[in-house]
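Dear colleague,

I am handing over the structure below, together with some notes on what came out of going through it. Please read the notes with the coordinates open beside them.

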Amino acid sequence: MAYVHFITALVFALILASFDLSSCQMVKGKVSCVDCTHHNYDLSEIKVSVKCEGVKTLAMTATEKDGTFKANLPSYHTKTSTNCLAKLLGGPTQLYTKKQNQVSQITKGKEENTYTISTPLSFMISCPKNTNCKAAKPVGSSKTVDLPLPPAWGLAPSSYYLPFVPIIGIP
């Protein structure tokens, strides 16, 4: 009797193992710094958003130290909606970018269920030459404001409660 239950559970586990339940669609890309002087510049914590036409939600991610990022598209993203964009939002310091380098169209990748950016997302960390810094296109900083809370309340820092609001200086 115990063998029947064991064999039934084993067959059921093998059937479930053969199904690929993960049909997640992933966007992979990389951001780059144009005017960084040394090659080991830390590109981590730069915010990138992914938005698809016809989908109300927005996927947002942060980059790794080498500038790479991965973002999952919403599960209800269909193959008929191919108009998706990746946008450079901001970083831990003030970033400057040209409009054409801030947004990139998303295209089908080499692997199944993967997508990539069609043009590079690049930025500068210093004000571009021959421009007025106030007239340049600052992307913003992703640092949050930490309001002081009384320690007796026992709450986490206020940066956990306040949402990320980028300051984008593109008119």
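Among the contacts in this chain that join residues at least 6 apart in sequence, 62% are between residues at least 24 apart. Please keep in mind throughout that the model is a predicted one. The chain contains 2 helices and 8 strands, and these follow one another along the sequence in the pattern α-β-β-β-β-β-α-β-β-β. Of its 171 residues, 30% are buried, while the accessible surface amounts to about 11800 Å², with carbon and sulfur atoms contributing 62% of that area.

Pro 120 sits in the loop between strand 7, which covers residues 114-117, and strand 8, which covers 121-123. Its relative accessible area is 53%, and Pro 120 therefore counts as exposed, the threshold being over 50%. The C-alpha atom of Pro 120 is 7.0 Å from that of Ser 104, a residue 16 places away along the chain. Ser 122, which belongs to strand 8, has a relative accessibility of 9% and is therefore classed as buried, since the limit is under 20%. Leaving aside residues up to four places away in sequence, Ser 122 is in contact with Ser 32, Val 34, Leu 88, Thr 97 and Asn 101.

How does Asn 113 count at 19% relative accessibility, as buried or exposed? Asn 113 counts as buried, because its 19% falls under the 20% limit.

Finally, Met 60 lies in strand 3, which spans residues 59-62, and is partly exposed, its relative accessible area being 40%. Between Met 60 and Leu 89 there are 9.4 Å in space, taken from C-alpha to C-alpha, for a pair that is 29 residues apart in sequence.

With kind regards

Definitions and conventions
Residues are numbered from 1 along each chain as its sequence is written. This is a predicted model: local features need pLDDT of at least 70, side-chain atom pairs count only at pLDDT 80 or more; totals for chains, interfaces and linings use all residues. Side-chain values use heavy atoms; hydrogens and water are left out. Helices (H or I, at least four residues) and strands (E, at least two) are DSSP runs, numbered from the N terminus. Buried means under 20% relative accessible area, exposed over 50%, partly exposed in between (1.4 Å probe, protein chains only). Contact means heavy atoms within 4.5 Å. Accessible areas come from the Shrake-Rupley method with a 1.4 Å probe; for residues, only the protein chains shown count as cover.
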